[in-house]
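Reader: I'd like to go through this one feature by feature. Could you give me the general idea each time, and then the case at hand?

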Amino acid sequence: MALDKKGIAQRIAQELRDGWYVNLGIGIPTLVANYIPEGIEVEFQSENGVLGMGPFPFEGEEDADLINAGKQTITTMKGASFFDSATSFAMIRGQHVQLTVLGAMEVSENGDIANWKIPGKMVKGMGGAMDLVASADNIIVAMMHSNRAGVSKLLKDCSLPLTGVACVKKVVTDLAVLEIKEGAFHLVERAPGVSVEEIKSKTEGSLIINGEVPEMSL
Amino acid sequence: MNKVINNVTEAVQGIEDNMTLMLGGFGLCGIPENSIAELVKTGIKGLTCISNNAGVDDFGLGLLLQNKQIKKMISSYVGENDEFERQMLSGELEVDLIPQGSLAERCRAGGAGIPAFFTPAGYGTEVAEGKEVRVFNGKPHVLESALHADFAIVKAWKGDTDGNLVFKATARNFNPMMAMAGKITIAEVEELLPAGELDPNEIHTPGIFVQRIFQGARFEKRIEQRTTRTK
């Protein structure tokens, strides 16, 4: 069965390593914070200016001055720090953040990503996404394998305006975990009960399948 | 040096039609809400506003948009404002969308006397169109220029009569860089203290960057996304 959004987040959480600073984008990536594996310590950075982001506050304890990049009220963990936007992006551009997880509308087989604009329809802006994808060494995209119309989001070429070129290394969808290298998607794992055929049929870009593809363990 | 002015009316004196303003804040967090409300009253038009976001329909910069006082916005994310999207798609409003980190650094550069810098952000996208690209360490970078403003308007938690500022939590965001980049910088603060009351070790923005300071009459500090958990 295909994963739900929580399942995608749970799978991505397995990629976390002890001691990492991690930036989580809006949407599915935010949920990753709920599934940090036992025995691992990570610190979450939010690009509006906080390191050591904690969970949502209890009702009545919201602070208008303390929000995340999604403009949601948050709390901080012990050891947290605040900083200005230039310092925040110095952390990102300077590659001090070990992992970036973000959503996407489209990803191409060479690692291009589009997630900020649909010409003539939706223009929200790129926010910090262009800085994040251009700088981070380790980028995981969290998204559904197909869009609501059933069209594959893993493409030969992105059709929407790009956010970054040749930067995505790994994609976790509701159907599969895929690595991007040498101009193709490499199928690494499939969601429990999802067949290789289904993944093939829903991936427009080149898909490389090497031998038996294991199921994810969640 | 005493930078104190009496009120918000004096604060915005000298702001005229067609000027370029920088306004601090991320979302509705850390925005100079008193000064924005005053700008709405003045009816000054044709403004170019540099601000990460454009407020929401009925608060923050959204108020200036509703009033058609803004000619051009330079921002990174404007997704929370329907009127903004409408004016942009209809062509009434000029919009320059730039990556958030580049926006922050362009403001910082403007205040720091650095005319331009190279960044990897936006390479290969429409943001880089028409801009010089150069390869450093095997990686292409885009030349981005500094931003300046006739007036920068920032919001701080505490300030003193010398113009020194301390920000609270994530309300700091773009305020320190914008304070540096304004020809005239106006700071509205929640609490204005006599010089000497703030610990020099803990000042975020030194008073040299601030020309006018006043205590805001009222701060609504609206929350955009109130998210909570249950006990």
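Author: A salt bridge here is a side-chain nitrogen of Lys or Arg within 4 Å of a carboxyl oxygen of Asp or Glu. Keep in mind that this is a predicted model. With that cut-off, A:Asp63, A:Asp65, B:Lys155, B:Lys168, B:Glu190 and B:Lys221 are linked in a network of salt bridges.

Reader: Which side chain does A:Asp65 meet in a salt bridge?

Author: That of B:Lys221, at 2.5 Å from N to O. Between chain A and chain B the count is five salt bridges, and over all chains the structure holds 25.

Reader: What else is there to read at the contact between the chains?

Author: Look at residues, area and polar pairs. Chain A gives 50 residues to the contact and chain B gives 52. About 4,200 Å² is buried between the two chains, with 59% of that from carbon and sulfur atoms. There are also 27 residue pairs in polar contact between chain A and chain B, both residues being at pLDDT 80 or more. On the side of chain A that touches chain B, the elements giving two or more residues are α3 (85-93), β9 (122-123) and α4 (129-135) of chain A. That side of chain A has 22 nonpolar, 15 polar and 13 charged residues.

Reader: How do I read a salt bridge inside a helix?

Author: Start with the geometry: an α-helix has 3.6 residues a turn, so residues three or four places apart point the same way. Now take B:Glu38 and B:Lys41, whose closest N and O atoms are 3.6 Å apart in a salt bridge. They are three residues apart in helix α2 of chain B, so about one helical turn separates them.

Reader: Let's move on to sheets.

Author: Strands of a sheet pair through backbone hydrogen bonds, either parallel or antiparallel. In chain A, three strands form an open sheet in the order β7-β6-β11, with mixed pairing. Its edge strands are β7 (113-114) and β11 (154-155) of chain A, each pairing on one side only. Strand β6 (residues 106-108) of chain A pairs with β7(A) in the antiparallel sense over two bridges, and A:Ile113 is the bridge partner of A:Val107.

Reader: Where is A:Glu109 placed?

Author: A:Glu109 sits in the loop between β6 and β7 of chain A. A:Glu109 is buried, with 15% relative accessible area. A polar atom of its side chain lies 2.7 Å from the backbone nitrogen of A:Ser206.

Conventions:
Residues are numbered from 1 along each chain as its sequence is written. Chains are lettered from A and ligands numbered from 1 in the order in which they are written. This is a predicted model: local features need pLDDT of at least 70, side-chain atom pairs count only at pLDDT 80 or more; totals for chains, interfaces and linings use all residues. Side-chain values use heavy atoms; hydrogens and water are left out. Contact means heavy atoms within 4.5 Å. Buried area is the accessible area (1.4 Å probe) that two parts lose on being put together, summed over both. A polar contact is a pair of N or O atoms within 3.5 Å; within protein, one must be able to donate a hydrogen and the other to accept it, and residues adjacent in sequence count only if both atoms are side-chain atoms. Helices (H or I, at least four residues) and strands (E, at least two) are DSSP runs, numbered from the N terminus. Ala, Val, Leu, Ile, Met, Phe, Trp, Tyr, Cys and Pro count as nonpolar, Asp, Glu, Lys and Arg as charged, and the others, Gly among them, as polar. Two strands pair if DSSP finds at least two bridges between them. Buried means under 20% relative accessible area, exposed over 50%, partly exposed in between (1.4 Å probe, protein chains only).
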